Amino acid sequence: MIHQLNRIKTKLSFISQYTTSIFKDKYECPMCGYIGAFFDVNPPTGYRKNCLCPRCNSAERHRLQKLVCDRIFENVDLTNASILHFAPEPYFAKYFRDKFQNYTSADLLMKNVDIKCDMTKLPFKEKTFDFIFASHVLEHISDDMKALSEIKRILKPGKSIAVLPVPIVCEKTVEYLEPNPLESEHIRAPGKDYFERYMQYFSKVQIFTSSDFSEKHQTFIYEVGNALGEKRDDYVPVCFL
C-alpha cells in the first residue's frame, strides 16, 4: 500500500509539473536537444525555478559546464589526450569517452568507477593527465588545498586543463567545523572569492558564467527567497597549468 501511494504521489507530481510547464518559458537543452519548459525543483538547499530538463534531467550547472567544455575543446587538440573524471556524471562520462582516447573515472565512494581514491591522495604518477574534470567536489573536501596540489601534480605540464566548478552560494567563502547536513554535507559554502585559491596552483584561471552563453539554454540559477537574488549567474572555472 505504501509503495502504491508513493507511486501515485510521484505520478501526480509529474502531472502537476507537466501541466504547469505548458505556461512556462521554453528553453533548449544543450545536453540532449530537448526544446520546451524546464521543471522547478525544491531541494533542502532552496526552491529553484527552470532547473531540470525533463528529458535528460540535467540541471543548470550541467548545461553550463557542457557549453564551457564545448567552447574550450574547439581550440584544444585531443589527439592521444587523457582525462581524469572525478565523481563521474553519466552524461559527461559518455561525452568525455567520445572525445578522449584515454578516459579514467575516479571517486572515493561511488561504485562502478575505474579507481576508488581520495582526491587528496591521488594514486597516479606525476604528469599523467591532460584534462581533469571534477564538478562540485572540492566543497566536500576539508583539505581542498591539498586536493588542488594533487590535481596540479598529476597534470602534464604545458597545455593541461582542469575544470573545477563548485556551487557559489555567497559573497565570501564560509568554512564549517564539520560537514553541514543542510547543505548536502558540504564542508564549506564557497563564495565568489573561492576561485582565488586556484591561482596558487595554476598560471591562469578563466571564469565562465551563465551570462557568457545564450539564455535559450537556461544556465542561470533562479532561486526564490535567496539572499543572492532570484536570478544569478552560475560559474565554471577553467584552470590552465
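A salt bridge here is a side-chain nitrogen of Lys or Arg within 4 Å of a carboxyl oxygen of Asp or Glu. Some ground rules before you click: this is a predicted model, where local features need pLDDT of at least 70 and side-chain atom pairs count only at pLDDT 80 or more, while totals for chains, interfaces and linings use all residues. Residues are numbered from 1 along each chain as its sequence is written, and side-chain values use heavy atoms, with hydrogens and water left out.

**Stop 1: K156 and D130.** Select this pair and you have a salt bridge, with the closest N and O atoms 3.3 Å apart. It links distant parts of the chain: K156 sits in the loop between α4 (144-154) and β9 (161-163), D130 in the loop between β7 (115-116) and β8 (131-134), 26 residues apart. Those labels are DSSP runs numbered from the N terminus: helices are H or I with at least four residues, strands are E with at least two. K156 counts as partly exposed at 27% relative accessibility, and so does D130 at 22%. (Buried is under 20% relative accessible area, exposed is over 50%, and partly exposed is in between, using a 1.4 Å probe and protein chains only.)

**Stop 2: R188 and D144.** Next, pick R188, whose salt bridge to D144 has its closest N and O atoms 3.5 Å apart. R188 is in strand β11 (residues 186-189) and D144 in helix α4, so the pair ties together parts that are 44 residues apart in sequence. Both residues are buried.

**Stop 3: helix α2.** Show residues 60-73 and find K66 and D70, four residues apart, about one turn of the helix. Their side chains meet in a salt bridge at 2.7 Å, N to O. K66 counts as buried at 8% relative accessibility, whereas D70, at 28%, is partly exposed. Across the whole structure, a search finds 15 salt bridges.

**Stop 4: strand β4.** Why is β4 (residues 48-52) largely enclosed by the rest of the structure? Four of its five residues are buried, so that is how it ends up. Strand β3 (residues 39-41) pairs with β4 in the antiparallel sense over two bridges; pairing requires at least two DSSP bridges between the strands. F39 has L52 of β4 as its bridge partner. Six residues lie between the strands of this hairpin, and G46 takes a positive phi near 130°. Now bring up strand β13 (residues 221-223), which also pairs antiparallel with β4 over two bridges. There, Y222 stands opposite K49.
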